[in-house]
Amino acid sequence: MQVGEPVLRQSARPLSIEEIQSQPIQDLIDMMRTTMRDAPGVGLAAPQVGESIQLIVIEDQERYIARLTKEQISERERKPIDFHILINPQITEKEGSALFFEGCLSLPGFTALVPRAHSVRVSALNEKGESVEINASGWYARILQHEIDHLNGIVYIDKMQSRSLTNNENFERYWKDKPVSEIMDQD
Ligand code: ZN
């Protein structure tokens, strides 16, 4: 689903344990995993595939990270994250701040600087309906905040620093290798 689809602006509804364990939701999870990997992306929220329910999938693969420089990996605090599912997730704590470029499969071709908390604590259910608690920092915390925003009808452009918005081609050409502090001085 691309921006402009009403489902991306709705608050998604939570799932019951019975629903989570049902075949339609298990099938949806399989479909979302495939869609995310095909994109490829590091996260996907159910509203992005047209389902207004509180379910997200996340996976950050080594081969995606390998495209970044050592410096970029370390300043983003990016490390591989195994595939997992979070249902009815709630951010219960936020700490610090971080500013990096981020993009979205529902708004392909663009990227912008988005301020996020540096670390978050998230309470959720897994695909079996069991409670899970996650303490995340760095890039993983950013993915969680981006995907959980989707469940609340929020897209990154609502939070971006709008003057940093660039298409991917110009990002590669002008901004990719510049430290964020230098980009902020461009005005
Ligand atoms: Zn997104």
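Student: How many aromatic pairs does a search of the whole structure find?

Tutor: The search finds three aromatic pairs. Rings of Phe, Tyr and Trp (its six-membered ring) pair if their centres lie within 6.5 Å; planes under 30 degrees apart count as stacked, over 60 as edge-to-face and the rest as tilted. The ring centres of Y174 and W175 are 6.3 Å apart and their planes meet at 55°, so this pair is tilted. Please note that this is a predicted model, in which local features need pLDDT of at least 70 and side-chain atom pairs count only at pLDDT 80 or more, while totals for chains, interfaces and linings use all residues. Residues are numbered from 1 along each chain as its sequence is written, and side-chain values use heavy atoms, with hydrogens and water left out.

Student: Are Y174 and W175 buried, exposed or partly exposed?

Tutor: Buried means under 20% relative accessible area, exposed over 50%, and partly exposed in between (1.4 Å probe, protein chains only). Y174 is partly exposed, at 44% relative accessibility. W175 is also partly exposed, with a relative accessible area of 21%.

Student: Which charged end sits over the ring of F83?

Tutor: A charge sits over a ring if NZ of Lys or CZ of Arg is within 6 Å of the ring centre and within 35 degrees of the ring normal. The charged end of R33 meets this description, 4.8 Å from the centre of the F83 ring. R37 also lies over the face of F83, at 5.6 Å from the ring centre.

Student: Which residues are the protein donors of the zinc ion?

Tutor: Donors are N, O and S atoms within 2.8 Å of the metal (3.2 Å for Na, K and Ca); water is not among the atoms, so sites may look incomplete. Here the protein donors are C104 (SG), H146 (NE2) and H150 (NE2), at 2.1 to 2.3 Å from the zinc ion. Along the chain, the donors follow the spacing C-x41-H-x3-H.

Student: Why are H146 and H150 separated by about one helical turn?

Tutor: Helices (H or I, at least four residues) and strands (E, at least two) are DSSP runs, numbered from the N terminus. H146 and H150 are four residues apart in helix 5 (residues 138–151), and therefore about one helical turn separates them. Both H146 and H150 are buried.

Student: What is the order of the open sheet of five strands?

Tutor: Two strands pair if DSSP finds at least two bridges between them. The order is 1-2-3-6-7, with antiparallel pairing. Strand 1 (43–45) and strand 7 (131–137) are the edge strands, each pairing on one side only. From one strand to the next, the twist averages 40°. Strand 1 and strand 2 (residues 55–60) run antiparallel and are joined by three bridges; L44 stands opposite V57 in strand 2.

Student: Which strands does helix 2 touch?

Tutor: Contact means heavy atoms within 4.5 Å. Axes are lines fitted to C-alpha atoms, for helices over the stretch in contact, and angles run from 0 to 180 degrees between N-to-C directions. Helix 2 (residues 23–38) packs on the sheet and touches strand 1, strand 2 and strand 3 (81–95), its direction making about 40° with that of strand 2. Helix 5 runs at about 155° to strand 2.

Student: What is the order of the open sheet of three strands?

Tutor: The order is 4-5-8, again with antiparallel pairing. Its edge strands are strand 4 (98–102) and strand 8 (166–167). Helix 5 lies across strand 4 and strand 5, at about 65° to strand 4.
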